2 protein chains.
Amino acid sequence: MSDSPVFTPVSEVGEFGLIARLQEVLGDAARSESLTTPIGDDAAVSDLGGGRSQVITTDLFVEGVHFDRTFAPLRALGWKCVAASVSDVCAMNATPTLVTVALGLPNNLSVEGAEALYTGIAQACERYGCTVAGGDISASARLVVSVTVLGEAETERIVTRAGAAPGEVLCVTGDLGASAAGLELLLRGKEQTLASGAPPEAAETSGDGSPTISLTPDAAPIDLGQFPTPLERHLMPQARLDRVRLWREVGFQPTSLIDVSDGVASEAHHLSIQSTVGVVVEAGLLPVHIQTMQAAEALAKRAETWALYGGEDYELMFTAPQEALEVLPKDSYAVVGNIVEPEEGVALRMPDGTVIPMEADGFKHF
Amino acid sequence: MSDSPVFTPVSEVGEFGLIARLQEVLGDAARSESLTTPIGDDAAVSDLGGGRSQVITTDLFVEGVHFDRTFAPLRALGWKCVAASVSDVCAMNATPTLVTVALGLPNNLSVEGAEALYTGIAQACERYGCTVAGGDISASARLVVSVTVLGEAETERIVTRAGAAPGEVLCVTGDLGASAAGLELLLRGKEQTLASGAPPEAAETSGDGSPTISLTPDAAPIDLGQFPTPLERHLMPQARLDRVRLWREVGFQPTSLIDVSDGVASEAHHLSIQSTVGVVVEAGLLPVHIQTMQAAEALAKRAETWALYGGEDYELMFTAPQEALEVLPKDSYAVVGNIVEPEEGVALRMPDGTVIPMEADGFKHF
């Protein structure tokens, strides 16, 4: 490679560093008059005319990086790929319309396995009211699923990551860290199964979306059956389209919005950068499901760490002036922090009042 | 796998058989009032209102299946992924608008390599007048690129695969088989390089789109430099957006339309099934580039086989009543056959008048 002056490993610049460099390469190819939101939000927004906008988002799910077929049933995987992309559409305050699916199939996946995957895709599309418009299928060494989702909204209802202002409150829907808890439980279950000498059940054969880890009684100090919520949140997460619909019904409009796919810490940094504000997250206010706490205890982990740095919760994080929240049902959100001046950066306030800077470290793919 | 009654290998049902089974699984999830063309055309069509339609198409490109990095420069690969999907938009008689790219990066691909890939993506987008709206990047064992392209057209200008009628003529743009010739040349070049003991040049380092195979003089019975057109057609093919624009200018509207991505034989079968017609292709009328013929001679292959069963030409194949062609410049198309009654099936007429049934065998991914 004598004519290659530099070989920089992607790990050296990181995912976001790489994206920045590729965006620079794209230059004008990533700019257009009709594109009203540039690359870097949850989804791109283009003007459809007549007061309507279209959003578009693409996600790639790679075996061994995003999922493990030894414990993720294929039907659940199909569901999750759609739900994760629908979540990006929700994070623009839009409603999903069309879906395309590109599938790379390894030769150890059967026609029946592909059907199970597509059953999950169909069920998620039905749940979220969108239609599979097309796709592509190819052979591949490992299972790869790429999902593109289109969505729509009145242009005035679109909410980006840029719009938070000092003095507003930071809120989330649902609870946090359950997906990370579910993943750790499943990994522990797999470990225990392997240690017991039993082959892990082929995920492909389960088909009903339930966790497929069967632990032999004497090798199972942790009973996965005690934690259905974290397992389900990890395997078949929900996009919060219900909240987007609720907000429309009650006339609520967040000032900024993002989905929690890489943990609260990472998303707080995105809001901070794109809204040019500081963010203070209150550790004591992070909503955590009781089973997530119990799982943390059983695994000797910290539920707060899952909430802050775990991934794939697919809850919505948003900002609004305190008084704007009055139209919302109290159980439809939780206040978890405050938007402050940009100089204050992104920080975590502990229950004892201590304030510490909060790193952005979410889930790292590289 | 005791609870899995059947394990059918994908190879047993084939790509199109698998697609049919997955379409059945999708059921209503693939149907919608706004979807005016169902799954199975080059792109899906949805109604935008106001007399406009949107088309959407997704393609997946997998290392080791669709491309070989030892001879496909990354910039060329980026170009090709966009051009191939833009070709599907052209095959609906529409114009591309937005592109999303999902990228699975192996750890042997550098930041500079990813930049070369994106340079090709940007150049193709500039050429075809579309904008990169977003995407996703993940780690992956092997390089994977999934491209989704949106396009638009007035609804009345959309052309599908269903619309050909007996008595019409079958036409193609450009010439055929050049891409297959280019691929065989590159494979032969790689073979020769490996046989000579020299490591193949890393495709990543070339960056300028030219073929990177350097043959040592004594191991090179075939000089790739004699065949620039087939090599370029394979590495950096063109989508025929120029023809779509020309047709609009002169007021020409094909009755059916498909792009030649799997060879004329396969596409003729698609038109036959989706238009419910028979198709007779005239072997003696297939347009073949002089360098494609020379490559066939040098490699002891048949150029007609490449034209009929080779892939990735990305020319447009269309039908029209003979008299409708009068508005078209003579050098913008070639008549290659006739549309006949469905009972006649899909056949090839040899120059001596013999008519033989034509198999659909295009490029097989599985």
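## Conventions and source

Two strands are taken to pair if DSSP finds at least two bridges between them. Helices (H or I, at least four residues) and strands (E, at least two) are DSSP runs, numbered from the N terminus.

This is a predicted model, in which local features need pLDDT of at least 70 and side-chain atom pairs count only at pLDDT 80 or more, whereas totals for chains, interfaces and linings use all residues. Residues are numbered from 1 along each chain as its sequence is written, chains are lettered from A and ligands numbered from 1 in the order in which they are written, and side-chain values use heavy atoms, with hydrogens and water left out.

## The six-stranded sheet of chain A

Chain A holds an open sheet of six strands in the order β1-β2-β3-β6-β4-β5, with mixed pairing. Its edge strands are β1 (35-37) and β5, each of which pairs on one side only. From one strand to the next the twist averages 25°; axes are lines fitted to C-alpha atoms, for helices over the stretch in contact, and angles run from 0 to 180 degrees between N-to-C directions.

Strands β4(A) and β5(A) run parallel and are joined by eight bridges. Within β5(A), A:D136 is the residue opposite A:A102. Helix α1(B) packs on this sheet, where it touches β4 and β5 of chain A, and its direction makes about 165° with that of β5(A).

## Helix α1 of chain B

Helix α1 (residues 10-26) of chain B spans only 18 Å between its end C-alpha atoms, whereas a straight helix of 17 residues would span 24 Å at 1.5 Å a residue; the expected span is 1.5 Å times one less than the number of residues. A kink of about 75° in α1(B) is centred on B:F16. The bend at a residue is the angle between axes fitted to the seven residues ending there and the seven starting there. Just after α1(B), B:G27 adopts a positive phi of about 55°.

The buried residues in α1(B) include B:V10, B:E15, B:L18, B:L22 and B:L26; buried means under 20% relative accessible area, exposed over 50%, and partly exposed in between (1.4 Å probe, protein chains only). The buried residues of α1(B) pack against β4 (95-105), α3 (111-128) and β5 (131-139) of chain A, where contact means heavy atoms within 4.5 Å.

In chain A, A:E15 lies in helix α1 (residues 10-26). A:E15 is buried, with a relative accessible area of 17%. The C-alpha atoms of A:E15 and A:E168, 153 residues apart along the chain, are separated by 30 Å.

## Relation of the two chains

## Strand β10 of chain A and its approach

Six of the six residues of strand β10 (residues 315-320) of chain A are buried, so the strand is largely enclosed by the rest of the structure. Both of its faces are covered: A:E315, A:M317 and A:T319 are buried on one side, and A:L316, A:F318 and A:A320 on the other. Strand β7 (residues 169-172) of chain A runs antiparallel to β10(A) and is joined to it by four bridges, with A:F318 as the bridge partner of A:C171. Strand β8 (residues 256-260) of chain A is also antiparallel to β10(A), through five bridges, and A:D259 stands opposite A:L316.

The loop between α9 (303-309) and β10 of chain A contains A:E312. Phi of A:E312 is near 65°, a positive value in a residue other than glycine, and A:E312 is buried at a relative accessible area of 16%. A:Y314 is found in the loop between α9 and β10 of chain A. A:Y314 has a positive phi of about 55° although it is not a glycine, and its relative accessible area of 6% makes it buried.

## Further buried sites

A:E282, in strand β9 (residues 278-282) of chain A, is buried with a relative accessible area of 16%. Leaving aside neighbours within four places in sequence, A:E282 is in contact with A:V336, A:G337, A:N338 and A:R349.

In chain B, the buried residues of helix α5 (residues 228-235) are B:T229, B:P230, B:L231, B:H234 and B:L235. The buried residues of α5(B) pack against α2 (74-90), α4 (178-195) and α8 (290-299) of chain B.
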